[in-house]
Amino acid sequence: MNTLVKHIMAIASKEAKHIKRDIFTLSVALVLPMVFVVFFGFVINLDYHHIPLTVRDNDQSHTSRELLTQASAAGYFDIISAHAPAEADSQLQQNHMRGLLIIPPGFHTAFTNGEIARAQLLIDGTDNTMAALATTYMQGIVQATQQSLLSSHEPPSAAIRTRYLFNPELNSRWFIVPALSTVIIGFLAIILTALTVAREWENGSMELLLSTPLRPLEIVVGKLLPYFLLTFFDVLLVFALALLVFHIPFRGSFILYLTACLFYIMGALALGLLISVMTRQQQSAIQFGFAIGLLPSFMFSGFIFPIENMPAFFQYVTMLFPQRWFLQISRALFLSGAGISGLIIPFIALFLFMTGMITLAVRNFKTDVEP
């Protein structure tokens, strides 16, 4: 056992010295995560604000004015008054407006008589995401208007009040930033080992290492250890940025989060090592690294496309990718404070992935040692 530890630490120490001399690798490992998190955290925003909304108020009542006041105060819409019906119709036909709200005569009368006060909202459907969100925003504005106008009267006997748990303001950054660690850390871990070890294959230093009596397990663990520490530092950096820069709450167990990061990082590093063993060329390694590290992070993790909306076959396919499980753990620990009982399946999946990747990397090294 002591010999095994000595061999691993000797390889790890040699690899750590190589990393210190490799300015490019250090720059990628230390600077890239911070740049990506800050850049994508601010740029990717699924919320829409200041949507131009043309209004044709044919009622000109206290109720219609209160509705428009609520719409303007919410910050989602910029109210543009249409002074003539022909003006609004012309802009609508020429697709010069994003939305048109038509308030008919009798809107106030219907509201005060307890009837359904109807208004028509026309939305530009060329951007279906904006159209869906604008409709949702308007529904919330209507509810706010009702509460404002009924505040001085006896409230209705039955009413539905909506409260959003874990993300009260529906801030999309709270949804995006915890998921960025899935994309950035996973991709970085794969690329670090895939490129650096592939470089050793190209310059011949790896063959010298494989010709020694060292066992494949010692080589694999020794190679992975320095990159694990480097990537784990990136995890702490991303975590600090999420809390301090984007002010995202963390409600879960920090120990559980670090454990999930350990499984995820070791599995991704072993996958990168496996890619380098199979390709032995930096150009091929980076191509496979991008294909395996980036595409699943966006396509099969739930980062952009909800897994529940995928066909059943592809829902099963996503189970093969660790990005899905780590993203689920990250969001649950950040926002809802879930415990281990609710995350046991993702943790098992990450552990199995880590074990499988290390096993494959060891076996492929063994094939090279004993042809």
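Trainee: How many helices and strands does the secondary structure of the protein chain contain?

Mentor: In this predicted model, the protein chain has 15 helices and 4 strands.

Trainee: What share of the residues in the protein chain is buried?

Mentor: A residue is called buried when its relative accessible area is under 20%. Of the 371 residues in the protein chain, 44% are buried. The chain exposes about 19,600 Å², and carbon and sulfur atoms supply 64% of that area.

Trainee: Among contacts between residues at least 6 apart in sequence, what percentage join residues at least 24 apart?

Mentor: The figure is 78% for the protein chain. Leucine 67 and isoleucine 141 are separated by 74 residues in sequence, yet their C-alpha atoms are 7.3 Å apart in space.

Trainee: Which residues does leucine 67 contact, if neighbours within four places in sequence are left aside?

Mentor: Its partners are Leu101, Ile103, Phe107, Ile141, Val142 and Thr145.

Trainee: Is leucine 67 buried or exposed?

Mentor: Leucine 67 has a relative accessible area of 5%, so it counts as buried.

Trainee: How should the span of a helix be read, for example that of α10?

Mentor: The expected span is 1.5 Å times one less than the number of residues. Helix α10, residues 254-279, has 26 residues and should therefore span 38 Å. The C-alpha atoms at its ends lie 37 Å apart, which agrees with that expectation. Helix α14, residues 322-336, can be read likewise: its 15 residues reach 21 Å from the first C-alpha to the last, close to the expected 21 Å.

Trainee: What is found at the start of α10, and what comes just after it?

Mentor: At the start, a side-chain oxygen of serine 253 comes to within 3.4 Å of the backbone nitrogen of isoleucine 255. Just after α10, arginine 280 adopts a positive phi of about 65°. Helix α14 is followed by glycine 337, which has a positive phi near 70°.

Trainee: Where are glutamine 60 and histidine 247 placed?

Mentor: Glutamine 60 lies in the loop between β1 (51-57) and α3. Its phi is near 50°, a positive value in a residue other than glycine. Histidine 247 lies in the loop between α9 (216-244) and α10, and its phi is positive too, near 55°.

Trainee: Are these two residues buried or exposed?

Mentor: A residue counts as exposed when its relative accessible area is over 50%. Glutamine 60 is exposed, at 53%. Histidine 247 is exposed as well, at 58%.

Trainee: Which residues form a nonpolar patch on the surface?

Mentor: The patch consists of Ile340, Ile344, Ile345, Ile348, Phe351 and Leu352. Together they have about 570 Å² of accessible area. Phenylalanine 351 is located in helix α15, which covers residues 344-369.

Trainee: Why does phenylalanine 351 count as partly exposed?

Mentor: The category lies between the cut-offs for buried and exposed residues, 20% and 50%. Phenylalanine 351 has a relative accessibility of 41%, and therefore counts as partly exposed.

Notes. Residues numbered from 1 in each chain as written. Predicted model: local features only at pLDDT ≥ 70, side-chain atom pairs only at ≥ 80, totals over all residues. Heavy atoms only, no water. Helix = DSSP H or I, 4+ residues; strand = E, 2+ residues; numbered from the N terminus. Buried < 20%, exposed > 50% of the residue type's maximum accessible area, 1.4 Å probe, protein only. Contact = heavy atoms within 4.5 Å. Areas by Shrake-Rupley, 256 points an atom, 1.4 Å probe, with all protein chains shown as cover. Patch = residues over 30% accessible without salt bridge, like charges linked within 9 Å, V, L, I, M, F, W, Y side chains within 5 Å. Salt bridge = Lys/Arg side-chain N within 4 Å of Asp/Glu carboxyl O. Polar contact = N/O pair within 3.5 Å; in protein donor to acceptor, adjacent residues only side chain to side chain.
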